[in-house]
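Student: I would like a close look at one part of this model. Please take the charged side chains and how they pair.

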Amino acid sequence: MIKHNLTLRPCGKAALLCVVAFVACLAAGCRKAPEKIDLSSTHTTVAETMAPDTKPQATPSPSEDVPETEPASNPDPGSKNISTKMNTYTSGKASIQYPSLVNMDDPAKAAAIDELIKKNALSVLDAYQIQDSRDALDISCQVLSADRSRITLLYQGTLAPDGSAHPQNLFYSNTIDVSNASDIGFSHYADPYTMAGYVLSDDCTFYQADEELKPELMKEKGKTSLDDYTKMFNGADFPFTGDFPRSFSYEHQGVIYFSIPMPHALGDYAIVMFAPDAK
């Protein structure tokens with residue numbers, strides 16, 4: 001302990017007050033007010049954890065769902081976010097992740113949305129005529145956003161038909177209007193004809209594309225006509241009738257993203273991004 005030898009001299013009340021303040025400072029120390037921590041929460045989806053050496057479990061029937069996680073906690077009553085949990089459909093060699101809602105205020109609406117999500121997620125089975133005893137399908141899901149207005153889901157994975165030399169890369173998305181428990185499609189974000197012209201222009205931007213592939217992607221996109229792209233985007237997204245859509249779209253933080261088909265050597269598909277404010 002450091003001792004402070006203070007001798008008071010008759011130098012007036014002002015000096016005495018200074019000494020008292022100095023001693024108080026030594027006793028209390030220099031305290032800095034703690035910085036405020038932002039505890040505002042955002043939507044999260046509980047991730048699956050699996051030990052690398054875990055033995056595969058018995059495959060359930062195609063109608064069964066296998067929960068990957070316990071239900072996520074219900075968000076604050078004042079929060080605009082919706083909690084989800086991830087499920088996995090498995091049958092033979094086919095595996096597809098898809099989410100369901102947790103503790104939504106309106107159980108009936110939550111059930112309708114869950115049914116819509118599952119139907120769309122599994123529609124790839126019929127679209128590609130999957131024979132799950134022979135064809136290997138592995139689809140993972142990302143909950144990009146989920147709030148009381150809109151839910152945006154991204155599906156990515158691979159399909160390896162029986163006897164194929166290389167697996168095919170797959171991508172599809174699903175945006176849901178929560179209030180109506182209905183799908184939101186391409187035309188909700190942009191005009192298909194305008195986006196077709198954008199794809200064919202030199203301004204076209206590919207999202208997260210390999211720099212070495214960009215010149216090839218730019219060249220390949222020009223092989224499809226304006227009319228064909230327009231038809232493709234008019235038939236994009238869920239719901240669909242007939243053939244599985246060749247393009248899927250979504251919007252995130254004001255930017256529009258949509259897929260266009262590519263040859264297998266270029267990854268099977270590419271994601272185009274369009275920022276309206278930047279054009």
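Student: Is E251 buried, partly exposed or exposed, and at what relative accessibility?

Tutor: The model is predicted. E251 counts as partly exposed, at 22% relative accessibility. E251 forms a salt bridge with R150. Their closest N and O atoms lie 3.3 Å apart. This pair links distant parts of the chain. E251 sits in strand β9 (residues 249–252), while R150 belongs to strand β5 (residues 150–160). The two are 101 residues apart. R150 is also partly exposed, with a relative accessible area of 22%.

Now take D177, in strand β6 (residues 168–177). D177 is buried yet has no salt bridge. R150 is its nearest side chain of opposite charge, 7.2 Å away. Beyond its neighbours within four places in sequence, D177 is in contact with S149, S182 and I184.

The whole structure holds three salt bridges. One of them joins E211 and K214, at 2.9 Å from N to O. E211 is exposed, with a relative accessible area of 58%, whereas K214 is partly exposed at 26%. Another joins K223 and E220, at 3.2 Å from N to O. Here K223 is exposed at 62% relative accessibility, and E220 is partly exposed, with a relative accessible area of 22%.

As for the setting, the chain has five helices and eleven strands. Of its 279 residues, 35% count as buried.

Definitions and conventions: Residues numbered from 1 in each chain as written. Predicted model: local features only at pLDDT ≥ 70, side-chain atom pairs only at ≥ 80, totals over all residues. Heavy atoms only, no water. Helix = DSSP H or I, 4+ residues; strand = E, 2+ residues; numbered from the N terminus. Buried < 20%, exposed > 50% of the residue type's maximum accessible area, 1.4 Å probe, protein only. Lys, Arg positive; Asp, Glu negative; His and termini not counted. Salt bridge = Lys/Arg side-chain N within 4 Å of Asp/Glu carboxyl O. Contact = heavy atoms within 4.5 Å.
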